[in-house]
Amino acid sequence: MTPPDAAIADAALVERVRWRLAHAGEQPTPDRVAAAVRGEVGVRSDEEVLAVVTALGRELTGAGPLASLLAQDGVTDVLVNGPDSVWVDRGHGLERAAIRFPDEAAVGRLARRLAAMGARRLDAAAPYVDARLPGGVRLHAVLPPIAPGGTCLSLRVSPRHAFTVDELVAAGTIVPAAERLLRALVSARLAFLVTGGTGAGKTTLLSTLLGLVQPAERIVLVEDSGELQPTHPHVVRLEARPPNVEGAGAVTLRDLVRQALRMRPDRLVVGEVRGGEVADLLAALNTGHEGGCGTLHANRPEDVPARLEALAAIAGTSRAALHSQLAAALDAVVHITRLAGGRRQVVSVGVFDRAANGLVHVSPALDVRADGGVASGPGAPRLAARLAAVDPAFEHCMDIR
């Protein structure tokens, strides 16, 4: 840890060097930073100058003092609640990090710089931002007074490599019985949603399952912020865009879903269904686009129809119309959750079923117990029948053993 006095001295030095570079209109390249350091503190040894330049480089460029955390293997999230409150998740739950910022102003500077790296605006007029940074890190930042306690930063680190199904099975994320069923869902081209809470691992699981798609098929990804990383030779990516400073130029997920339908997708994938685009997605899956999928925030599989109702209302779709489309468009729900201790696990696979009143509900087909055992649910025969209708060999994937 850096002694408090040294941290204060470094902060003051950073401010003086920043002023020198800004006054000269120069970019903070290592050579210019080194020259500015020597100009401030006189002649020092090369080792001392290099150490200061490295520290200043972290402050003036990139992710600053958070860079070391983001570079660590296993880190999924880095959260900053204030100068003295930095937290990190290495896959086992949140823990406090030893990193400290000199003051609130330093946190604010970092937030604005990261937003600029993601081609987004962050200031008093636009006090919050959601962006994807170079390298795939997802940024969310909120400035005061929206965040009364000080600038808040949330950095989500994308997996450094796409996992295989075998790796998720080895990690306990997918139990063997669920593995057979998930492979059959993808191979049979059934349409499904991956559901779960924030940070449950929905994107990682969907990326892995997309890696099972036949190489000859064309996958078109529609995302608000590019996070899906499937291992597949034919992937086309479309990303939404927020409005510019003048409030123009926005490209929504609904716009992109419509464009994707004209791009001859074999698999239409919406990275995260969160708004009116659900109406366009269901309409697409009802018009011959089999095997579509996406992720959805939901606490339980049983909550999915109600969640979709709320989102469809944004697009002006009535409840009756939503359930009519839902019954014909989607086949299954794969629910993943984050267990105590941080481990992720697929805990349920359900099937969409339409009741006599016309409303769709989710019937459990496979449930994973807390001890790792599995049990079939009332929806198992219906899901097995849907799979067997595609290929009789798939019927046995529902065997629980």
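1. Contacts and overall make-up. Among contacts between residues at least 6 apart in sequence, 52% join residues at least 24 apart. The model is a predicted one. Its chain has 401 residues, of which 48% count as buried, and holds 13 helices and 15 strands. The accessible surface of the chain is about 18,600 Å², and carbon and sulfur atoms account for 55% of that area.

2. The six-stranded sheet. An open, antiparallel sheet is built from 6 strands in the order β3-β2-β1-β6-β5-β4. Its edges are β3 (94-96) and β4 (128-132), each of which pairs on one side only. From one strand to the next the twist averages 15°. Within this sheet, β1 (residues 77-82) and β2 (residues 85-89) are joined in the antiparallel sense by 5 bridges, and Leu79 has Trp87 in β2 as its bridge partner. Helix α5 (residues 104-117) packs on the sheet, where it touches β1, β4, β5 (138-142) and β6 (152-156). The direction of α5 makes about 45° with that of β6.

3. Strand β7 (residues 192-196) runs parallel to β11 (residues 293-297), with 5 bridges between them; Gly196 is placed opposite His297 in β11.

4. Strand β8 (residues 219-223) pairs with β9 in the parallel sense over 5 bridges, and the bridge partner of Ile219 is Val235 in β9. Which residues of β9 are on its covered face, and which on the uncovered one? Val236 and Leu238 make up the covered face, while Val235, Arg237 and Glu239 make up the uncovered one. In a regular strand, side chains alternate between the two faces of the sheet.

5. Nonpolar cores. The largest nonpolar core has 42 residues, and those with the most contacts inside it are Leu185, Phe192, Leu205, Leu383 and Leu387. Two or more residues each are given to this core by α7 (176-187), β7, α8, β8, β12 (332-338), β13, β14 and α13. Helix α7 supplies the largest share, 7 residues. Beyond its neighbours within four places in sequence, Leu185 is in contact with Leu190, Ala332, Val334, Val349, Leu383 and Leu387. A second, separate core of 33 residues includes Val222, Val273, Leu281 and Phe352. Nonpolar side chains tend to be buried together in soluble globular proteins.

6. Helix α8. This helix (residues 202-210) is mostly covered, with 7 of its 9 residues buried. The buried residues are Lys202, Leu205, Leu206, Ser207, Thr208, Leu209 and Leu210.

7. Gln345 lies in strand β13 and counts as buried because its relative accessibility is 6%, where the cut-off is under 20%. The side chain of Gln345 reaches the backbone oxygen of Gly172 at 3.3 Å. Apart from neighbours within four places in sequence, Gln345 is in contact with Gly172, Thr173, Val175, His335, Ile336, Thr337, Leu339 and Val368.

8. Backbone points to check. Most residues other than glycine have a negative phi, and most peptide bonds are trans. Pro144 and Pro145 are joined by a cis peptide bond with omega at about 0°; Pro145 is in the loop between β5 and β6. Ala119, in the loop between α5 and β4, has a positive phi near 60°. Is Ala119 buried or exposed? With 63% relative accessibility, Ala119 counts as exposed. Arg264, in the loop between α9 (253-260) and β10 (267-270), has a positive phi of about 50°. Arg264 counts as exposed, at 57% relative accessibility.

Conventions. Residues numbered from 1 in each chain as written. Predicted model: local features only at pLDDT ≥ 70, side-chain atom pairs only at ≥ 80, totals over all residues. Heavy atoms only, no water. Buried < 20%, exposed > 50% of the residue type's maximum accessible area, 1.4 Å probe, protein only. Helix = DSSP H or I, 4+ residues; strand = E, 2+ residues; numbered from the N terminus. Pairing = 2+ DSSP bridges. Axes fitted to C-alpha atoms, helices over the stretch in contact; angles between N-to-C directions. Contact = heavy atoms within 4.5 Å. Areas by Shrake-Rupley, 256 points an atom, 1.4 Å probe, with all protein chains shown as cover. Polar contact = N/O pair within 3.5 Å; in protein donor to acceptor, adjacent residues only side chain to side chain. Core = buried A, V, L, I, M, F, W, Y, C linked by side-chain atoms within 4.5 Å.
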